[in-house]
Amino acid sequence: MNDLIIQTKQLTKIYGEQKSVSNLNLHVRKGRIYGLLGRNGAGKTTTMKMLLGLTKPTEGEISIFGSDIQGAEGKIYPRIGNLIETPGFYPNLTGSENLKILARLRGVPHQNAVKRALEVVGLPYNDKKLLAQYSLGMKQRLGIANAIMHDPELLILDEPINGLDPIGIAEVREFIKRLSVEQGKTILISSHILSEIALLADDIGIIDHGVLLEESSLEMLEKKNSRYVHFIVSSAGQAARILELDFHTSHFHIDDDYSLRLHDTNIDVAAITRKFIESGIDVSEAHTQNDTLEDYFKRVTGGEGIA
Ligand SMILES: Nc1ncnc2c1ncn2[C@@H]1O[C@H](COP(=O)(O)OP(=O)(O)OP(=O)(O)O)[C@@H](O)[C@H]1O
Ligand SMILES: [Mg+2]
(Lines give C-alpha, C1' and ligand atoms only; values in the text may rest on other atoms or scores of the structure.)
(Ligands and ions follow the chains in the order given, each with its own letter.)
Protein backbone atom coordinates (compact mmCIF):
# COMPACT_ATOMS: atom_id res chain seq x y z
CA MET A 1 0.00 0.00 0.00
CA ASN A 2 2.97 2.33 -0.44
CA ASP A 3 1.37 4.02 -3.42
CA LEU A 4 -0.92 5.91 -1.06
CA ILE A 5 -0.32 9.64 -1.28
CA ILE A 6 -2.95 10.48 1.33
CA GLN A 7 -4.11 8.18 4.06
CA THR A 8 -6.22 9.10 7.04
CA LYS A 9 -7.11 6.94 9.99
CA GLN A 10 -10.22 7.64 12.03
CA LEU A 11 -9.98 11.30 11.11
CA THR A 12 -12.53 13.26 13.12
CA LYS A 13 -13.46 16.90 13.57
CA ILE A 14 -15.92 18.04 16.16
CA TYR A 15 -17.09 21.66 16.22
CA GLY A 16 -18.79 22.27 19.55
CA GLU A 17 -21.47 19.63 19.73
CA GLN A 18 -21.33 18.71 16.07
CA LYS A 19 -19.29 15.93 14.48
CA SER A 20 -18.46 17.46 11.11
CA VAL A 21 -16.12 14.64 10.09
CA SER A 22 -16.40 11.26 11.70
CA ASN A 23 -13.77 8.48 11.73
CA LEU A 24 -12.75 9.03 8.12
CA ASN A 25 -10.41 6.48 6.55
CA LEU A 26 -9.41 8.00 3.24
CA HIS A 27 -7.07 6.39 0.70
CA VAL A 28 -5.81 8.51 -2.17
CA ARG A 29 -3.50 6.64 -4.51
CA LYS A 30 -0.60 8.02 -6.51
CA GLY A 31 -1.45 9.44 -9.90
CA ARG A 32 -5.18 9.05 -9.43
CA ILE A 33 -7.98 11.59 -9.46
CA TYR A 34 -9.98 11.02 -6.30
CA GLY A 35 -13.41 12.61 -6.14
CA LEU A 36 -14.80 13.35 -2.72
CA LEU A 37 -18.51 13.51 -3.32
CA GLY A 38 -21.03 14.82 -0.84
CA ARG A 39 -23.94 17.18 -0.36
CA ASN A 40 -23.68 20.63 1.16
CA GLY A 41 -22.45 20.36 4.71
CA ALA A 42 -21.25 16.75 4.27
CA GLY A 43 -17.77 17.57 5.56
CA LYS A 44 -15.72 17.92 2.34
CA THR A 45 -14.14 21.29 3.09
CA THR A 46 -13.49 20.36 6.72
CA THR A 47 -11.70 17.20 5.58
CA MET A 48 -9.54 19.11 3.11
CA LYS A 49 -8.74 21.79 5.68
CA MET A 50 -7.50 19.11 8.06
CA LEU A 51 -5.37 17.57 5.32
CA LEU A 52 -3.83 20.97 4.64
CA GLY A 53 -3.23 21.80 8.28
CA LEU A 54 -5.70 24.69 8.14
CA THR A 55 -7.74 23.24 10.97
CA LYS A 56 -6.69 20.79 13.62
CA PRO A 57 -8.30 17.34 13.74
CA THR A 58 -10.11 16.50 16.97
CA GLU A 59 -8.93 12.93 16.58
CA GLY A 60 -7.24 10.66 14.08
CA GLU A 61 -4.13 10.51 11.94
CA ILE A 62 -3.16 11.94 8.59
CA SER A 63 -0.30 10.69 6.52
CA ILE A 64 0.71 12.40 3.27
CA PHE A 65 3.53 11.18 0.96
CA GLY A 66 4.02 8.37 3.46
CA SER A 67 4.75 10.58 6.49
CA ASP A 68 2.61 11.60 9.40
CA ILE A 69 1.94 15.30 8.84
CA GLN A 70 2.71 16.19 12.42
CA GLY A 71 6.23 17.55 12.52
CA ALA A 72 6.67 17.11 8.75
CA GLU A 73 4.63 20.15 7.66
CA GLY A 74 7.63 21.96 6.21
CA LYS A 75 8.44 19.02 3.97
CA ILE A 76 4.92 18.07 2.98
CA TYR A 77 3.06 21.31 2.29
CA PRO A 78 5.39 22.75 -0.37
CA ARG A 79 4.61 19.63 -2.43
CA ILE A 80 0.85 20.32 -2.36
CA GLY A 81 -1.18 22.84 -4.30
CA ASN A 82 -4.59 23.75 -3.01
CA LEU A 83 -7.73 25.62 -3.79
CA ILE A 84 -9.85 25.99 -0.70
CA GLU A 85 -12.33 28.80 -0.85
CA THR A 86 -11.14 31.83 -2.82
CA PRO A 87 -7.57 32.83 -2.12
CA GLY A 88 -7.08 36.38 -0.85
CA PHE A 89 -6.26 38.11 -4.10
CA TYR A 90 -5.67 41.86 -4.29
CA PRO A 91 -8.64 43.45 -6.10
CA ASN A 92 -6.70 46.40 -7.49
CA LEU A 93 -4.03 44.30 -9.21
CA THR A 94 -4.26 42.21 -12.35
CA GLY A 95 -4.37 38.42 -12.31
CA SER A 96 -0.75 38.13 -13.43
CA GLU A 97 0.38 40.65 -10.82
CA ASN A 98 -1.45 38.74 -8.11
CA LEU A 99 0.16 35.46 -9.09
CA LYS A 100 3.62 37.02 -9.37
CA ILE A 101 3.36 38.29 -5.80
CA LEU A 102 2.16 34.92 -4.54
CA ALA A 103 4.91 33.16 -6.50
CA ARG A 104 7.55 35.37 -4.91
CA LEU A 105 6.08 34.83 -1.44
CA ARG A 106 6.21 31.10 -1.96
CA GLY A 107 9.65 31.14 -3.50
CA VAL A 108 8.51 29.59 -6.78
CA PRO A 109 11.79 29.12 -8.62
CA HIS A 110 10.76 29.30 -12.28
CA GLN A 111 10.46 32.63 -14.06
CA ASN A 112 7.87 31.18 -16.37
CA ALA A 113 5.73 29.60 -13.65
CA VAL A 114 3.04 32.28 -13.66
CA LYS A 115 2.79 32.36 -17.44
CA ARG A 116 2.60 28.57 -17.65
CA ALA A 117 -0.02 28.28 -14.92
CA LEU A 118 -2.19 30.93 -16.58
CA GLU A 119 -1.87 29.11 -19.88
CA VAL A 120 -3.07 25.86 -18.31
CA VAL A 121 -6.23 27.49 -16.94
CA GLY A 122 -6.85 29.56 -20.06
CA LEU A 123 -6.29 33.04 -18.68
CA PRO A 124 -4.23 35.68 -20.53
CA TYR A 125 -0.77 36.56 -19.27
CA ASN A 126 -0.05 40.21 -18.45
CA ASP A 127 -3.61 41.17 -19.23
CA LYS A 128 -4.69 44.64 -17.98
CA LYS A 129 -7.90 43.53 -16.29
CA LEU A 130 -7.94 44.11 -12.54
CA LEU A 131 -9.11 41.40 -10.21
CA ALA A 132 -12.03 43.58 -9.12
CA GLN A 133 -13.33 43.22 -12.69
CA TYR A 134 -12.93 39.44 -12.81
CA SER A 135 -16.01 37.25 -13.07
CA LEU A 136 -16.50 34.44 -10.55
CA GLY A 137 -15.32 31.89 -13.11
CA MET A 138 -12.18 33.89 -13.88
CA LYS A 139 -11.37 34.13 -10.17
CA GLN A 140 -11.86 30.40 -9.89
CA ARG A 141 -9.42 29.80 -12.75
CA LEU A 142 -6.91 32.14 -11.20
CA GLY A 143 -7.29 30.22 -7.94
CA ILE A 144 -6.45 27.01 -9.76
CA ALA A 145 -3.49 28.66 -11.50
CA ASN A 146 -2.29 29.71 -8.06
CA ALA A 147 -2.60 26.13 -6.86
CA ILE A 148 -0.55 24.66 -9.70
CA MET A 149 2.11 27.27 -10.34
CA HIS A 150 4.79 25.72 -8.12
CA ASP A 151 4.30 22.40 -9.93
CA PRO A 152 3.10 20.40 -6.89
CA GLU A 153 2.82 16.62 -6.92
CA LEU A 154 -0.51 16.66 -5.13
CA LEU A 155 -3.45 18.95 -5.75
CA ILE A 156 -6.28 19.41 -3.28
CA LEU A 157 -9.10 21.28 -4.96
CA ASP A 158 -12.29 22.12 -3.11
CA GLU A 159 -15.15 22.40 -5.61
CA PRO A 160 -12.98 23.81 -8.41
CA ILE A 161 -15.88 24.04 -10.84
CA ASN A 162 -18.01 26.21 -8.57
CA GLY A 163 -19.23 29.25 -10.41
CA LEU A 164 -18.09 28.13 -13.83
CA ASP A 165 -20.33 28.03 -16.88
CA PRO A 166 -20.72 24.72 -18.77
CA ILE A 167 -17.87 25.52 -21.16
CA GLY A 168 -15.67 26.54 -18.26
CA ILE A 169 -16.55 23.31 -16.45
CA ALA A 170 -15.56 21.24 -19.47
CA GLU A 171 -12.28 23.17 -19.81
CA VAL A 172 -11.38 22.78 -16.15
CA ARG A 173 -12.22 19.08 -16.38
CA GLU A 174 -9.92 18.73 -19.37
CA PHE A 175 -6.95 20.43 -17.76
CA ILE A 176 -7.39 18.54 -14.50
CA LYS A 177 -7.36 15.33 -16.54
CA ARG A 178 -4.27 16.46 -18.41
CA LEU A 179 -2.45 17.22 -15.16
CA SER A 180 -3.20 13.68 -14.09
CA VAL A 181 -2.56 11.81 -17.32
CA GLU A 182 0.36 13.80 -18.76
CA GLN A 183 2.09 14.86 -15.57
CA GLY A 184 1.13 12.08 -13.20
CA LYS A 185 -0.22 14.44 -10.54
CA THR A 186 -2.33 13.07 -7.75
CA ILE A 187 -5.53 15.06 -7.43
CA LEU A 188 -8.11 15.16 -4.67
CA ILE A 189 -11.16 17.07 -5.76
CA SER A 190 -14.46 17.65 -4.03
CA SER A 191 -17.86 18.23 -5.52
CA HIS A 192 -21.54 17.87 -4.77
CA ILE A 193 -22.26 17.14 -8.44
CA LEU A 194 -22.17 13.43 -9.12
CA SER A 195 -22.13 13.74 -12.92
CA GLU A 196 -18.99 15.88 -12.73
CA ILE A 197 -17.17 13.46 -10.48
CA ALA A 198 -18.28 10.58 -12.69
CA LEU A 199 -16.70 12.26 -15.73
CA LEU A 200 -13.45 13.05 -13.98
CA ALA A 201 -12.53 10.79 -11.12
CA ASP A 202 -10.75 7.44 -11.08
CA ASP A 203 -11.77 6.82 -7.48
CA ILE A 204 -14.73 8.06 -5.51
CA GLY A 205 -15.35 8.59 -1.84
CA ILE A 206 -18.92 9.33 -0.87
CA ILE A 207 -19.21 11.38 2.29
CA ASP A 208 -22.43 12.16 4.09
CA HIS A 209 -22.93 13.71 7.51
CA GLY A 210 -19.18 13.46 8.02
CA VAL A 211 -19.10 9.71 7.36
CA LEU A 212 -17.37 8.05 4.41
CA LEU A 213 -20.13 5.79 3.16
CA GLU A 214 -18.26 4.26 0.28
CA GLU A 215 -14.80 4.33 -1.21
CA SER A 216 -14.21 2.60 -4.49
CA SER A 217 -12.90 2.98 -7.99
CA LEU A 218 -15.39 4.54 -10.36
CA GLU A 219 -15.13 1.43 -12.51
CA MET A 220 -16.22 -0.83 -9.65
CA LEU A 221 -19.00 1.52 -8.66
CA GLU A 222 -20.33 1.68 -12.20
CA LYS A 223 -20.17 -2.08 -12.51
CA LYS A 224 -22.11 -2.46 -9.31
CA ASN A 225 -24.73 -0.06 -10.56
CA SER A 226 -25.16 -1.10 -14.14
CA ARG A 227 -28.33 -2.59 -15.55
CA TYR A 228 -29.04 -6.10 -14.38
CA VAL A 229 -31.85 -8.61 -14.05
CA HIS A 230 -32.53 -9.71 -10.52
CA PHE A 231 -33.85 -13.25 -10.07
CA ILE A 232 -35.22 -14.68 -6.85
CA VAL A 233 -35.31 -18.45 -7.35
CA SER A 234 -35.49 -21.66 -5.34
CA SER A 235 -31.85 -22.45 -6.15
CA ALA A 236 -29.41 -19.79 -7.33
CA GLY A 237 -26.72 -22.43 -7.88
CA GLN A 238 -28.89 -24.46 -10.24
CA ALA A 239 -30.01 -21.29 -12.01
CA ALA A 240 -26.37 -20.30 -12.50
CA ARG A 241 -25.61 -23.63 -14.15
CA ILE A 242 -28.47 -23.14 -16.59
CA LEU A 243 -27.25 -19.65 -17.46
CA GLU A 244 -23.80 -21.04 -18.19
CA LEU A 245 -24.85 -24.16 -20.09
CA ASP A 246 -27.97 -23.02 -21.93
CA PHE A 247 -27.41 -19.30 -22.28
CA HIS A 248 -23.61 -19.31 -22.49
CA THR A 249 -23.07 -16.45 -20.09
CA SER A 250 -21.03 -16.04 -16.96
CA HIS A 251 -21.96 -12.40 -16.39
CA PHE A 252 -23.94 -13.04 -13.26
CA HIS A 253 -23.47 -12.74 -9.55
CA ILE A 254 -24.88 -15.06 -6.91
CA ASP A 255 -25.89 -13.05 -3.85
CA ASP A 256 -27.05 -16.00 -1.75
CA ASP A 257 -28.83 -19.37 -2.19
CA TYR A 258 -31.91 -17.71 -3.66
CA SER A 259 -30.77 -14.48 -5.25
CA LEU A 260 -28.88 -14.04 -8.50
CA ARG A 261 -28.13 -10.98 -10.58
CA LEU A 262 -27.58 -11.32 -14.32
CA HIS A 263 -25.56 -8.45 -15.81
CA ASP A 264 -25.89 -9.69 -19.36
CA THR A 265 -29.08 -7.85 -20.27
CA ASN A 266 -29.15 -8.86 -23.92
CA ILE A 267 -30.64 -12.22 -23.06
CA ASP A 268 -34.39 -12.64 -23.22
CA VAL A 269 -35.64 -12.67 -19.62
CA ALA A 270 -38.82 -14.56 -20.55
CA ALA A 271 -36.78 -17.35 -22.16
CA ILE A 272 -34.58 -17.64 -19.08
CA THR A 273 -37.56 -17.73 -16.73
CA ARG A 274 -39.21 -20.40 -18.88
CA LYS A 275 -36.07 -22.52 -18.86
CA PHE A 276 -35.68 -22.18 -15.09
CA ILE A 277 -39.25 -23.35 -14.54
CA GLU A 278 -38.89 -26.24 -17.01
CA SER A 279 -35.82 -27.32 -15.06
CA GLY A 280 -37.74 -27.43 -11.80
CA ILE A 281 -36.50 -24.11 -10.40
CA ASP A 282 -39.20 -21.93 -8.88
CA VAL A 283 -38.98 -18.28 -9.92
CA SER A 284 -40.63 -15.93 -7.49
CA GLU A 285 -39.20 -12.74 -8.97
CA ALA A 286 -37.47 -11.56 -12.13
CA HIS A 287 -37.11 -7.87 -12.68
CA THR A 288 -34.75 -5.52 -14.47
CA GLN A 289 -32.92 -3.09 -12.28
CA ASN A 290 -31.91 0.15 -13.97
CA ASP A 291 -29.86 1.71 -11.26
CA THR A 292 -27.65 4.52 -12.37
CA LEU A 293 -24.81 5.89 -10.34
CA GLU A 294 -27.05 8.80 -9.47
CA ASP A 295 -29.72 6.50 -8.05
CA TYR A 296 -27.01 4.86 -6.06
CA PHE A 297 -25.71 8.18 -4.72
CA LYS A 298 -29.22 9.17 -3.72
CA ARG A 299 -29.77 5.83 -2.06
CA VAL A 300 -26.57 5.80 -0.02
CA THR A 301 -27.02 9.40 1.05
CA GLY A 302 -30.66 8.62 1.79
CA GLY A 303 -31.87 11.71 0.00
CA GLU A 304 -33.70 13.04 -2.97
CA GLY A 305 -32.23 15.15 -5.72
CA ILE A 306 -28.76 16.56 -6.01
CA ALA A 307 -27.76 19.72 -7.77
N1 LIG B 1 -15.73 26.67 11.63
C2 LIG B 1 -16.82 25.94 11.85
N3 LIG B 1 -17.50 26.03 13.00
C4 LIG B 1 -18.59 25.27 13.25
N5 LIG B 1 -19.11 24.41 12.39
C6 LIG B 1 -18.50 24.27 11.19
C7 LIG B 1 -17.32 25.02 10.87
N8 LIG B 1 -16.92 24.67 9.62
C9 LIG B 1 -17.82 23.74 9.19
N10 LIG B 1 -18.75 23.50 10.13
C11 LIG B 1 -19.87 22.53 10.03
O12 LIG B 1 -19.35 21.28 9.64
C13 LIG B 1 -20.20 20.63 8.71
C14 LIG B 1 -19.42 20.28 7.49
O15 LIG B 1 -19.08 21.46 6.80
P16 LIG B 1 -18.18 21.50 5.51
O17 LIG B 1 -17.95 22.94 5.17
O18 LIG B 1 -17.00 20.66 5.71
O19 LIG B 1 -19.14 20.82 4.44
P20 LIG B 1 -18.98 20.72 2.87
O21 LIG B 1 -19.17 19.30 2.52
O22 LIG B 1 -17.74 21.38 2.44
O23 LIG B 1 -20.26 21.53 2.35
P24 LIG B 1 -20.43 22.48 1.04
O25 LIG B 1 -20.80 21.58 -0.11
O26 LIG B 1 -21.60 23.33 1.43
O27 LIG B 1 -19.19 23.25 0.83
C28 LIG B 1 -21.36 21.60 8.47
O29 LIG B 1 -22.44 21.19 9.24
C30 LIG B 1 -20.82 22.92 8.92
O31 LIG B 1 -21.85 23.73 9.42
MG1 LIG C 1 -17.34 22.97 1.20
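Reader: How do the residues of the shell around ligand 1 divide into nonpolar, polar and charged?

Author: Happy to start there, with the reminder that this is a predicted model. The shell includes Tyr15 and Ala42, along with Arg39, Lys44 and Glu159. Tyr and Ala count as nonpolar, Arg, Lys and Glu as charged, and Gly is placed among the polar residues. The shell therefore divides into 2 nonpolar, 3 charged and 7 polar residues.

Reader: Which element gives the most to the shell around ligand 1?

Author: Two elements each supply at least two residues of that shell: strand S2, spanning 18-24, and helix H1, spanning 44-51. Among the surrounding residues are Gln18 and Ser20, and also Lys44, Thr45 and Thr46. With 3 residues, the element that gives the most is H1.

Reader: Nice. What is the distance from an oxygen atom of ligand 1 to an N or O atom in the side chain of Ser20, and how much of the ligand does the protein bury?

Author: Let's take the side chains in turn. A polar side-chain atom of Glu159 lies 3.3 Å from a ligand oxygen, while for the side chain of Thr45 the distance from a ligand oxygen to an N or O atom is 2.7 Å. For Ser20, the corresponding distance is 2.6 Å. Taken alone, ligand 1 exposes 650 Å², and the share of this that the protein buries is 61%.

Reader: Moving to the helices, why are H9 and H10 oblique to each other?

Author: Helix H9 covers residues 236-247 and helix H10 covers residues 269-278, and their axes are 11 Å apart. In the crossing, H9 passes H10 in a right-handed sense. Angles of 65 to 115 degrees count as roughly perpendicular and those over 145 as roughly antiparallel. The pair is therefore oblique, because the packing angle is about 120°.

Reader: And in which hand does H4 pass H5?

Author: Helix H4 (residues 113-121) packs against helix H5 (residues 136-148) at about 135°, with axes 9 Å apart. That angle makes H4 oblique to H5. The crossing in which H4 passes H5 is right-handed.

Conventions
Residues are numbered from 1 along each chain as its sequence is written. Chains are lettered from A and ligands numbered from 1 in the order in which they are written. This is a predicted model: local features need pLDDT of at least 70, side-chain atom pairs count only at pLDDT 80 or more; totals for chains, interfaces and linings use all residues. Side-chain values use heavy atoms; hydrogens and water are left out. A residue is near a molecule or strand if one of its heavy atoms lies within 4 Å of it. A polar contact is a pair of N or O atoms within 3.5 Å; within protein, one must be able to donate a hydrogen and the other to accept it, and residues adjacent in sequence count only if both atoms are side-chain atoms. Accessible areas come from the Shrake-Rupley method with a 1.4 Å probe; for residues, only the protein chains shown count as cover. Helices (H or I, at least four residues) and strands (E, at least two) are DSSP runs, numbered from the N terminus. Axes are lines fitted to C-alpha atoms, for helices over the stretch in contact, and angles run from 0 to 180 degrees between N-to-C directions. Angles under 35 degrees count as roughly parallel, over 145 as roughly antiparallel, 65 to 115 as roughly perpendicular and the rest as oblique. A crossing is left-handed if the near helix is turned anticlockwise from the far one by less than a right angle, and right-handed if clockwise.
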